[in-house]
Amino acid sequence: KPNTQIIRRYDKVYAIGYPLWSRLAIITEGRFQGKESGFLRITAPIIYGNSGGGVFASAKGKPVLIGISVRLHLAGGPVPHMGLAVDVQDLVNRRIL
């Protein structure tokens, strides 16, 4: 199923990764906001060094990988508090993985 059929707007999501300053995995919680320009928009903070980790939602009580977190950079540097993820289903459909 495409991820947009697994999750709905405002469903909880979790971003998991290993920031550069941490020896442990960090989990941030947020909400799914929708899909825009090929990215999943989430409110879970993507901490510096945490990009590239999994973004998970819950489907029937089980964790489901829905995306790979990315950090947005503009000319002025990183954009704080904007969580973006590459949709895993898009990667699979394009045969990138």
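How many helices and strands are there in the protein chain? The chain has two helices and eight strands, where helices (H or I, at least four residues) and strands (E, at least two) are DSSP runs numbered from the N terminus. Along the sequence, the elements follow the pattern α-β-β-β-β-β-β-β-β-α.

This is a predicted model, in which local features need pLDDT of at least 70 and side-chain atom pairs count only at pLDDT 80 or more, while totals for chains, interfaces and linings use all residues. Residues are numbered from 1 along each chain as its sequence is written, and side-chain values use heavy atoms, with hydrogens and water left out.

Of the 97 residues in the protein chain, 34% are buried, that is, under 20% relative accessible area with a 1.4 Å probe, counting protein chains only. The largest nonpolar core has 12 residues: I7, V13, A15, F32, L40, I42, A44, I46, V55, A57, I66 and A85. A nonpolar core is a set of buried Ala, Val, Leu, Ile, Met, Phe, Trp, Tyr and Cys residues joined through side-chain atoms within 4.5 Å. At least two residues of this core come from each of β1 (12-17), β3 (39-42) and β4 (54-59).

One core member, I42, is in contact (heavy atoms within 4.5 Å) with V13, R31, F32, Q33, V55, G83 and L84, leaving aside neighbours within four places in sequence. Among contacts in the protein chain between residues at least 6 apart in sequence, 42% join residues at least 24 apart.

Helix α2 (residues 88-93) contains D90. D90 counts as buried because its relative accessibility is 18%. Apart from neighbours within four places in sequence, D90 is in contact with K35 and G38.

Conventions. Buried < 20%, exposed > 50% of the residue type's maximum accessible area, 1.4 Å probe, protein only.
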